Structures are given as structure tokens and as C-alpha cells.
Amino acid sequence: MNAWLPVAVLGTSLIASLIIFLVPDAKQRLRSTLNITAALVKIGLVAWMVFGIYQQELFETRFTLVPGIDFVLRADSLSMLFAGLSSVLWLFTTIYAIGYLEGSPHRSRFFGFFSLCVASTMGISLAGNLFTFLIFFEMLTLSTYPLVVHRGTQASLTAGRTYLRYTLGGGAMLLLGVVLLYSYAGPQVGEFAETGTLRAATSLDPRTLAAIFVVLIIGVGVKAAFVPFHGWLPVAMVAPAPVSALLHAVAVVKAGAFGIIRIVYNVYGIEFSAQIGVLLPLGILAAITIIWGSMQALRQMELKKRLAYSTVSQVSYIALGVALFGPIGSIGGLVHLLHQGIMKVTLFFAAGNYAETLGIHRIDELDGVGKRMPGTSLAFTIGALGMIGLPPTAGFISKWYLGIGALEAGMAWALGVLVLSSALNAAYFLPILYRLWFKPVRGAWPDEQIPAARFETDPWLLFPTLATMAFTIAAGLLASHPWSPLTWATLISVREYLP
Amino acid sequence: MLLTIFFAFLGACTVTEQNARRRLWLLIAAPIPIGIITLMSMISELIPSSALHIESASIFLGLDWSLKPQLAPLLLMTAALWSFAGIFAARDFSPAAKTKAKPHAARFLRCWLLTLTGNLGLLVANDIASFYLFFALMTFAAYGLVIHDETPSALKAGKVYIIMAVIGEAFLLAGLISAAASVGSEHTPLLQELPQGIVSSDHGLSIATALFIGFGVKAGLAGVHWWLPLAHPVAPTPASAVLSGAMIKAGLVGWLLTLPIGNLSEPQANIAPLASAAILLGLIGAWGAGVVGVFSGKAKTVLAYSSISQMGMLTLMLGVALRYPDSAALVLAAMVIFASHHGVNKGLLFLGVAWRKAASGVGLTVVAVVLTVAALNLIGVPWSSGAYAKDLFKAVLADLPVGILYAAFSYGALATTALMLRYAYLLWQKR
């Protein structure tokens with residue numbers, strides 16, 4: 001049974017995806033039932049595995065493709081962090097997408113690729129070696145492209161091209177890195193293992209390994225939207241809101257960040273990475289991205305663009321946490337993988353609600369929306385406070401651990417980066433909150449689609465937003481609870497640093 | 001029992017656009033439960049101390065709240081002032097008011113109650129996350145009070161207020177994180193463990209300075225004070241009263257809880273420059289605000305400068321406490337009394353501005369008497385609360401080798417006197 005569980009987790013979305021492709025567009029109810037059932041089944045399976053891993057059980061599927069190269073799906077504590085995030089957020093994003101796309105054409109195509117995208121994400125999280133990781137990483141690129149260009153407009157096709165150019169380029173770099181590593185150090189180092197596999201390989205030249213590290217990090221860094229490889233992310237925001245949520249919070253940028261974690265912790269190993277001196281450059285790159293992303297976000301007047309640049313900045317917190325040598329910093333980086341996900345998904349849901357309900361896309365159109373859409377605006381407020389890093393939201397917990405981690409790693413400048421980033425986040429989020437809650441309504445809404453009835457908007461749009469908002473608060477408020485993201489991240493960190 | 005601070009928060013949750021003007025009683029009632037509990041804990045041992053302590057390992061990074069005896073006078077003052085100011089606020093928004101009721105009742109009510117929750121909460125919090133939460137809640141919710149009237153000057157003051165607040169929060173975050181890291185314990189430290197961490201750290205001075213500035217923004221510390229004369233006067237008068245009377249003390253409380261005051265296991269030589277800076281900045285604030293304040297043309301602005309001046313005296317006392325650990329316990333007690341006395345009297349003086357407009361005939365005489373007493377208290381004439389608070393400190397100061405500091409502090413009363421005369425003139429001249 002244990003050998004089949006990882007495959008089953010992957011299979012739920014893969015099979016759902018294939019069936020959904022075959023469902024006619026008009027059969028809304030059938031498709032939605034399929035979608036939501038698959039999401040629930042997957043959450044159940046992931047929960048089962050999480051529970052098993054607590055009790056040190058092993059879940060692994062392995063078969064050999066060619067001698068020396070295995071296809072491995074394995075559930076360890078780190079993969080559960082990502083799989084847990086994706087499976088829970090998939091459920092909410094699916095519900096949201098059902099409400100969002102109601103009545104629009106090509107829904108079966110959309111939901112088919114949507115499921116495929118989540119299947120790839122599951123594959124990435126469960127991949128047990130670099131080779132398997134690479135396969136799903138590429139599959140993710142290909143399955144998200146149809147989602148980005150879903151609307152078929154000129155703008156979205158252009159964005160799709162930019163997206164492909166960047167991500168395929170990144171994929172090629174990753175492929176190059178994997179090939180170099182496999183041929184230089186042998187395929188066994190590609191196996192993901194706690195504390196890394198390269199540590200034992202003392203006979204290898206550290207400088208060559210550091211060079212390969214750079215190639216690998218650039219490969220995954222495109223998806224993680226490191227400056228200067230971030231260009232695709234703000235462009236891709238022309239996609240429908242659920243897709244943006246998926247790109248920013250669950251799948252694509254997270255896959256990149258997760259790749260960095262895998263490479264540093266499970267291939268090179270944190271201690272070996274520190275030895276060959278690649279952590280400091282990684283930290284500096286992350287710091288530049290954090291500050292630069294925030295500065296750009298300040299300049300955007302389009303709501304989704306501002307959120308996009310905010311993602312550029314926030315995802316690099318994860319990389320910064322990885323680069324801080326020491327268990328506390330690692331906890332901060334790992335937990336932010338989850339925290340950034342739930343906070344950003346909340347913000348994108350809210351932005352989507354504004355667009356769908358009132359036709360609002362620009363920040364200066366948000367005046368007085370708080371009275372018309374209080375639930376959505378409250379969710380946006382909580383998400384924004386989380387990004388700034390104020391308690392009781394999840395963002396505070398991330399920032400706290402990253403800050404302490406920076407000092408323990410002897411990198412006090414990183415604390416300065418975090419504090420400056422908080423101030424910049426306040427500078428670009430607080431004016432929005434001011435408009436929402438304090439400014440009077442300017443007149444008619446740009447394009448009111450859904451009139452205020454019992455709820456401020458379609459409940460399919462409202463409730464997922466409120467649910468992720470609740471998660472944002474719960475993850476911060478109950479941070480020390482045994483089943484919180486923080487506790488899980490602590491578990492991973494402890495296993496990485498104990499020899 | 002400490003959960004009664006959430007009375008205000010829960011109240012805020014029930015306010016809607018429709019019922020706001022029927023929920024005005026919350027303005028008055030919200031702080032009363034915690035006030036009664038504090039009072040009972042002060043005058044008797046009726047309440048077991050276990051009932052005044054909340055702990056929960058799974059909330060935040062370990063939640064810990066308690067009613068601290070040394071801060072109890074401040075908590076009582078805070079609750080009382082908020083409740084009393086609430087009477088005035090409720091009148092402003094009441095549909096039965098003689099003058100036109102103010103608009104945006106729901107918004108004001110929510111902001112008021114949230115700010116109140118923050119102000120009460122930070123006085124009971126022991127863990128860093130809760131404290132930071134309440135401090136931030138108070139700071140950001142108070143924005144809504146500052147800009148409530150939405151006049152151009154209020155909006156401008158609000159902008160300056162929020163920018164300074166964010167800068168303050170940034171210093172605070174840096175200070176709290178690095179102080180917590182300096183403790184170096186397995187668990188996340190509580191606030192009371194921070195001072196020890198700071199003195200044992202190599203970077204103790206920079207950590208303490210970050211906290212000093214971060215809290216100083218709220219406390220009207222000279223140099224980062226200039227948002228205060230803009231923001232305090234433009235708020236609706238009851239809000240000005242709590243801003244200048246109660247909330248300004250949050251910065252002081254932050255100092256008292258986190259800075260290394262008193263005898264710790266290691267000599268706090270590393271923060272000696274900070275102690276000197278605090279004394280100097282305190283003097284500048286106490287005297288400078290008096291000089292600048294008398295030239296302003298609005299009664300409420302004069303009071304705001306007077307707050308800076310009074311906080312300057314408290315900053316000076318903080319400096320002395322930091323400099324002379326042996327006397328710290330006495331200075332600390334004097335500071336809490338001084339802060340509570342200032343809160344009550346400054347609150348009254350602010351409310352007097354509204355009172356004065358409304359009263360006539362015999363009422364006017366009563367107002368005049370009450371305000372005169374409050375002003376004399378603030379100046380510290382013999383037999384007043386001000387004299388009591390200041391004498392506590394002067395008794396300590398007399399035994400210390402501080403040179404002209406004793407005189408400089410004592411004659412700070414001159415600045416207060418000048419400001420109070422100016423206030424009286426501005427208030428009575430408008431007839």
C-alpha cells in the first residue's frame with residue numbers, strides 16, 4: 001500500500017484531468033463534481049501520508065527507466081509541506097475557478113489543464129530525485145501555458161510567448177545542470193536525501209560543484225522569479241484570477257522555490273553548501289530580489305501587477321531563509337513557502353472578486369469599495385497585513401524566524417533587508433487599504449457585473465476568499481499548535497541539521 | 001479575566017452601518033470591565049493572581065498575559081480615561097445631539113474600539129508577539145481617529161502620522177527581533193527576558209537604541225516628535241484626549257518593558273551612551289516643547305506640545321533609571337505614577353476644549369474650576385498630583401551625583417506653566 005500512495009496522489013489529479021477533457025463544456029455540474037471530488041480525495045490521501053510520516057513510515061514508488069536512472073516518487077517531510085499546500089489550495093482555487101469562469105467558453109479545456117497543472121505540482125513535490133523533478137518541472141511549464149493564454153486575446157498570447165520563452169529557457173538550464181551533475185558526480189547524487197548526498201563526495205572539486213550549483217539555481221530561479229529572470233511574472237498576470245492565484249501561490253513560483261530548497265538541502269546539503277561558499281551569493285541574490293520587487297510594486301497602479309511584483313519580492317524570502325545557515329533561518333524559509341501561498345492566494349482571490357464583481361482593475365478605482373464588498377476587503381486587508389508582517393497573521397511568524405535566523409547566521413544585513421522590505425510593503429499596501437476603507441465612493445463602478453444581493457458577490461467567489469483569509473490568521477495565531485505549518489517546518493529543519 | 005480586554009474588540013465586530021448610532025454606549029462601557037478588575041486587584045487580594053495570568057503554549061510563539069502590579073496604575077488610568085472620553089465621543093455622534101451629529105459613526109466606533117483593544121492589550125501582554133500585535137493594532141486603528149474629520153489638515157496630519165508610525169514599527173521590529181536573538185534561549189523569550197539579553201549582547205547599544213527610537217516615535221521623543229503636534233490636535237477632541245493622555249504612554253511602557261533598567265547580572269556599561277542621550281533628549285523635549293508650544297495659536301496644539309514636554313520629563317527619568325541601576329526601582333515607580341497623573345490631567349484638559357464650547361452659565365464655572373485644577377496638577381503646585389509624582393523622582397535625584405540636572409528638571413515646571421497660561425488664554429479668549 002505504501003508504495004502506491006504517492007502514485008495515487010499524483011493519479012487523482014491526472015485522471016481527473018483526463019476525464020475533464022472529455023466532459024462537454026455545457027455539463028457544468030458533472031465537471032464541478034469531478035473536480036471537487038478529486039480535490040477532496042487528494043487532501044485525504046495527503047493527510048494520510050502526513051500522518052504516516054509523523055510516525056516515520058516510508059512511502060516510495062520506484063522503477064528504473066534506464067540503468068542508473070530511476071523514476072522515484074517519495075513522500076518525505078519536505079514534500080508533504082509542498083503537497084499539503086498545493087492540495088489544500090487546489091480545492092479552494094478550484095471552487096473559486098468554478099465561480100469565476102461560469103458561463104465562459106472552453107471550460108473543459110481550462111479545468112483539464114488546471115488539473116494537469118496540479119498533477120505536475122504534486123509530481124514536483126513527490127519527486128525523489130533530480131531526474132523525476134525535472135520531468136514534472138517541464139510538465140508544469142507546458143500545462144500552465146494553455147491557462148495563461150486561456151482568454152485567447154492578443155495580450156494574453158503575447159504574455160504566453162514571454163512566459164514560454166522564460167520558463168523553457170529556465171528548463172533548459174536546469175536540464176543542463178542535471179546532466180552536468182549526473183555526469184560529473186554520478187546519478188546517485190541526484191537522489192534527494194536529508195542532509196544532502198554530496199557531503200560524502202569529498203573527492204570532487206568544490207569549484208566545479210559550485211559552478212554546477214549556479215547552473216541549477218538559474219534553472220529553477222526563473223520560475224522562482226529571481227531578478228533578473230522575473231520578467232515573465234508581471235506579464236503573465238493577464239491570465240484569469242484563479243490562474244494568477246495558481247501561478248503565484250501554489251504552482252509555478254513555488255515550484256521554483258521548492259527546487260531551490262531541494263537542491264540546497266537534499267542534493268548539496270546545507271553544510272556542504274556553506275562549505276563551498278554558495279549560500280552567501282544566493283542570499284545576496286534573494287535580498288536584491290526582495291528589495292527590487294518591492295520598489296517595482298510601488299510603481300504599479302494596476303492591482304494585479306502590484307501583487308505580481310509583490311510575489312517577486314516575497315518568494316525570495318524563501319530563498320533568503322534557505323541561504324541563512326542555521327535551523328531557525330531554515331524554519332523561516334520553509335514556513336514561508338506555505339505562508340506566502342495562503343496570503344497571496346487570498347490577495348489574488350480578492351483582486352479577482354473586485355474585477356469580476358465591479359470591473360475594478362486599477363488601484364485608483366478601489367475608492368470606497370470596503371462598504372460595497374466588506375468581506376472581500378477584509379480578506380484583502382488581512383492578506384496585506386500578512387505581507388507587511390504584522391501579527392496575528394502568518395507573515396509575522398515567517399518574518400520573526402527569518403529575522404532571528406539572519407542574526408544567528410551572522411548575517412545582520414539580512415535583518416535590515418527584511419525590515420526595509422516590511423516598510424516597503426507597508427508603503428504599497430497601506431494606500432490601498434486607505435482607499436478601500438476611508439475614501440468615499442467616486443460614482444458608478446467601472447463595470448458592475450454581479451449586483452449585491454444576499455452576499456456582496458457570488459458565494460463561489462466569496463467563500464474561498466474568506467477561507468484562505470481564515471487560514472492566514474490561523475497559521476499565525478496558532479503557530480505553535482502541533483498541527484501548524486510552523487511545527488511541520490520545524491520538524492523538517494531539525495531533520496536537516498541533525499547529522 | 002484578562003480576556004475582558006476583548007470586550008472592546010467583540011464590540012467592534014458587532015458594529016454595522018445601521019446600528020452604529022445605537023451602539024454608542026460601547027464607547028463608554030468597553031473599558032469598564034478591565035478597569036474594575038484592575039481596581040480590585042489594586043485595592044485588595046480578592047482576586048487570586050492565577051486568575052490574572054493567561055498562558056497558552058500553542059497560540060503565537062507562546063502566549064503569556066498578566067496584570068502586572070507595577071503597571072496597574074497606568075492600566076486603571078487608561079481604562080478610566082477611555083471611558084470618560086467615550087462619554088464625549090458618544091455625545092458627538094448621538095442623533096439627539098443639539099449640534100449636528102458627526103458622520104461616519106460606524107467607522108469611528110470601529111476604529112475607537114480597535115484602538116482601545118490595542119491600548120489595553122499592550123499593557124497586559126508579556127509575550128513579544130501579543131505585545132507587537134496590540135501595539136500595531138493601536139497604531140494603525142488610531143489612524144482612523146486622526147483623520148476622522150477629513151479636513152485637509154487632518155488628512156495631511158494622517159499621512160505624516162502613518163509614515164512616522166511605519167518607520168517606528170520598522171525600528172521596533174528590528175529591535176525586538178535582535179533583542180530576542182540576543183537572549184539566545186531555546187524557547188521564544190518573553191518581554192521581561194529581553195533586558196538581560198540586551199546587556200549581555202555585544203550589540204546591546206544598537207539593539208537598545210532601535211527600541212528607544214521605535215517606541216520613542218509613539219512617546220513623542222524629541223527628534224521624532226514632530227508628527228505629534230500635527231496629529232493629536234486634528235482628531236475629534238475625545239480622540240485627542242486618549243491619544244495624548246493614554247496612547248502616548250504606550251511608547252513609555254515599551255521602554256519600561258524592554259530596556260535594561262535596574263540591576264541585571266551584568267553591568268550595563270554598554271548602554272551608558274543611551275542613558276546620556278535619553279537625559280539630553282528628555283531635557284530638550286521638556287524645555288524645547290515649552291518654548292515652541294507657546295507660539296502656537298490653537299489650544300489643542302498647545303496641549304500637544306505640553307504632552308511632548310511632559311514626555312520629555314519622563315524620558316529624562318528613563319535616562320536616570322538607565323544610568324543609575326541602583327535607583328531604578330524607585331525611578332520606575334515614580335515614572336508610572338507620573339505617567340498616570342499626566343494621562344488623567346492631560347485627558348481632562350483636552351476634553352475641556354469640547355466642554356468649554358458646550359457649557360454655559362454655572363456649567364462654565366464648573367468647567368473653569370476643573371480645568372484650573374487639572375492645569376495646576378500638571379504644573380505641579382504643592383499638594384497636587386503633579387507635585388506628588390515629581391517629588392517621588394526628586395527624592396531619588398537628590399541623592400545622585402547629577403549636578404544641575406536636579407535644577408533643570410525642577411524648573412521644567414516653568415515650561416509647563418507657560419504652556420498652561422497660553423492654553424487658558426486661547427480657551428477663554430474665544431467667546
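Which side chains meet in a salt bridge at 3.0 Å, N to O, in chain B? They are those of B:Asp149 and B:Lys102. A salt bridge here is a side-chain nitrogen of Lys or Arg within 4 Å of a carboxyl oxygen of Asp or Glu. B:Asp149 sits in the loop between α6 and α7 of chain B, and B:Lys102 in the loop between α4 (72-93) and α5, 47 residues apart. B:Asp149 counts as partly exposed, at 32% relative accessibility. On that scale, buried means under 20% relative accessible area, exposed over 50%, and partly exposed in between, with a 1.4 Å probe and protein chains only.

Some ground rules. This is a predicted model, in which local features need pLDDT of at least 70 and side-chain atom pairs count only at pLDDT 80 or more, while totals for chains, interfaces and linings use all residues. Residues are numbered from 1 along each chain as its sequence is written, chains are lettered from A and ligands numbered from 1 in the order in which they are written, and side-chain values use heavy atoms, with hydrogens and water left out. Helices (H or I, at least four residues) and strands (E, at least two) are DSSP runs, numbered from the N terminus.

Now the other salt bridges. Over all chains, the search finds 12. A:Glu60 pairs with A:Arg74, with the closest N and O atoms 2.7 Å apart. A:Glu60 is in strand β1 (residues 59-66) and A:Arg74 in strand β2 (residues 69-75) of chain A, so the pair ties together parts 14 residues apart in sequence. A:Glu60 is partly exposed at 25%, whereas A:Arg74 is buried at 11%.

A:Arg262 and A:Asp76 form another salt bridge, at 3.1 Å, N to O. This one links helix α10 (residues 252-268) of chain A, which holds A:Arg262, to the loop between β2 and α3 (77-100), which holds A:Asp76, 186 residues apart. A:Arg262 is buried, with a relative accessible area of 1%, and A:Asp76 is buried at 15%.

Next, the interface. How many salt bridges does the rule find across the interface of chain B and chain A? The count is 0. There are 4 residue pairs in polar contact, both residues at pLDDT 80 or more. A polar contact is a pair of N or O atoms within 3.5 Å; within protein, one must be able to donate a hydrogen and the other to accept it, and residues adjacent in sequence count only if both atoms are side-chain atoms.

In all, 33 residues from chain B and 29 residues from chain A take part in the contact, where contact means heavy atoms within 4.5 Å. The two chains bury about 2,400 Å² between them, 81% of it on carbon and sulfur atoms. Buried area is the accessible area (1.4 Å probe) that two parts lose on being put together, summed over both. B:Phe60, B:Leu61 and B:Ile177 supply 26% of the area that chain B buries against chain A, more than any other three residues.

A:Gln340 lies in helix α14 (residues 327-358) and is buried, with a relative accessible area of 0%. Not counting residues up to four places away in sequence, the residues A:Gln340 touches include A:His248, A:Lys254 and A:Met387.
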